[in-house]
Amino acid sequence: MSTTRETAFKITPKTDAISAAERAALLANPGFGRVFSDHMAVVTYTEGKGWHTPEIMPRQPLMLDPAASVLHYAQEIFEGMKAYRAPNGDALLFRPEANARRFRKSAERMAMAQLPEELFLDAVNQLVKLDAGWIPDPEVGTLYLRPFMIATETALGVKPSAEYKFIVIACAAGDYFSKDAGPVTVWVEERTVRASRGGTGEAKCGGNYAASLTAQQEAKANGCHQVLFLDANERKWIEEMGGMNVMAVMKDGTLKTPPLGGTILPGITRDSLLTLARDKGMTVKEEPYAIEQLYADAASGHLRELFACGTAAVVTPIGTLKSAEGDHVISGQTGEVTAALRKTLCDIQFGRAEDPHGWMHRVG
């Protein structure tokens, strides 16, 4: 499917862009979140006027008043998505309409202006079209896209802002976790929580991630790559990791993951993997999974594989869960189901395989 459309964006190309050779050197090993493309999309919202002045411009610092609402009351949301390099060189987007829809829902939860989904898609399409040269080769990585919205009204007072900026930036991205790391080790957080019912857990807002950072520090101090949160009420049920969803593969071939219920981000990668698993004939269960039961299933062999999934991490095997009580080993290698789901998803995303669900959109 093509994303070609007429655009209202004023496009101002960067005049002092680096050379193709310098860019190629940066794209050879970009890491994650460090190598940014030349341009950004910006759209302004003013109460009474709506969304206006859509622009694609050279990437540059933002001008914000010290009293901007985002700095005091945290009205901020964002998305994470990617552009992929197809075998024929075309730029592809994966389910961008799902990101646009989730962005709108996040804005609603945070009492922010509703961005039309078509405007979201147009901004992403125009930015990727202009900065397509920043998409790494498929064997290296992707172009990670970060659409976000911030409250910019100059006012101190606890109320929804009357002004916003919607912005899209992009960065070349390699693997979120090192290819050589093997299955990652995850810290089970038993004290702090990521979200509670009635909170902002299902919205993609910065505060959710800020609240996870102390646990992430604890995880790092204990030699872990990531953190797994439990529910807020009982500290019993597994929920979500610091920035990704979690799935388990059972001995009978069932794929199991915690249910959405307001505290877990409805991951687009999560939803896609559940669909692909059903395509493969697997039994899929979205149901509560107690951490103690998971430990018992790992010890008995009933739990065969555990993996994290998300836009940045894609599909990453989890080898060991660590907690204050000790270690629980799942597996020392990537499981067959984990590897198969990752390959199926990536082959679709990079245009190497048939796209039966119409998920891929060609930029143009």
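These legends walk through several close-up views of a predicted model.

**View 1. The strands around S3.**
Start with strand S3, residues 39-46, which is joined to S4 by seven bridges in an antiparallel run. Look here for Thr 44, which stands opposite Lys 165 in S9. Seven of the eight residues of S3 are buried, so the strand is largely enclosed by the rest of the structure.

**View 2. The turn from S3 to S4, and the link to S1.**
Three residues lie between the strands in the hairpin of S3 and S4, and Gly 48 takes a positive phi near 90° in this hairpin. Strand S4 spans residues 50-58 and has a parallel pairing with strand S1, residues 10-11, over two bridges. To find your place in that pairing, look for Lys 10, which stands opposite Glu 55 in S4.

Phe 120 makes a handy landmark: leaving aside its neighbours within four places in sequence, Phe 120 is in contact with Glu 79, Met 81, Pro 96, Asn 99, Ala 100, Phe 103, Leu 115, Pro 147 and Phe 166.

Counting cavities of 30 Å³ or more gives one. The volume of this largest cavity is about 110 Å³. Its lining has 13 residues, and those closest to the centre are Tyr 84, Phe 94, Thr 269, Thr 311 and Gln 349. Which elements each supply at least two residues of the lining? They are strand S6 (81-85), helix H7 (268-279) and helix H9 (336-349). S6 gives the most, with three residues. By residue type, the lining of the largest cavity divides into six nonpolar, six polar and one charged.

**View 3. The largest pocket.**
Here you can look into the largest pocket, which holds about 790 Å³ of space. Its lining is made up of 36 residues, and Phe 78, Tyr 144, Arg 146, Lys 204 and Tyr 209 lie nearest the centre. Two or more lining residues come from each of strand S5 (76-78), strand S8 (142-151), strand S9 (163-173), helix H6 (213-221), H7 and strand S16 (303-310). The lining of this pocket divides into 17 nonpolar, 13 polar and six charged residues.

Now turn to Glu 240, found in strand S12, residues 238-241. Is the side chain's residue, Glu 240, buried or exposed? Glu 240 counts as buried because its relative accessible area is 3%, below the 20% cut-off. Phe 229 is 11 residues away along the chain, and the C-alpha atoms of Glu 240 and Phe 229 are separated by 5.6 Å. Leaving aside its neighbours within four places in sequence, Glu 240 is in contact with Arg 194, Val 227, Leu 228, Phe 229, Asn 245, Thr 263, Ile 264 and Leu 265.

**View 4. Two alanines with positive phi.**
Ala 74 has a positive phi of about 60° although it is not a glycine. You will find Ala 74 in the loop between helix H2 (69-73) and S5. With a relative accessible area of 45%, Ala 74 is partly exposed. Ala 111 also has a positive phi, near 60°, in a residue other than glycine. Ala 111 sits in the loop between helix H3 (96-109) and helix H4 (117-130). This alanine, Ala 111, is partly exposed, with a relative accessible area of 43%.

Technical notes
Residues numbered from 1 in each chain as written. Predicted model: local features only at pLDDT ≥ 70, side-chain atom pairs only at ≥ 80, totals over all residues. Heavy atoms only, no water. 1 Å grid on protein atoms, 1.4 Å probe; cavity = no way out; pocket = protein on both sides within 12 Å on 5 of 7 lines; lining within 4 Å. Points joined across faces, edges and corners; volume = space filled by probe spheres on them. Helix = DSSP H or I, 4+ residues; strand = E, 2+ residues; numbered from the N terminus. Nonpolar A, V, L, I, M, F, W, Y, C, P; charged D, E, K, R; others polar. Contact = heavy atoms within 4.5 Å. Pairing = 2+ DSSP bridges. Buried < 20%, exposed > 50% of the residue type's maximum accessible area, 1.4 Å probe, protein only.
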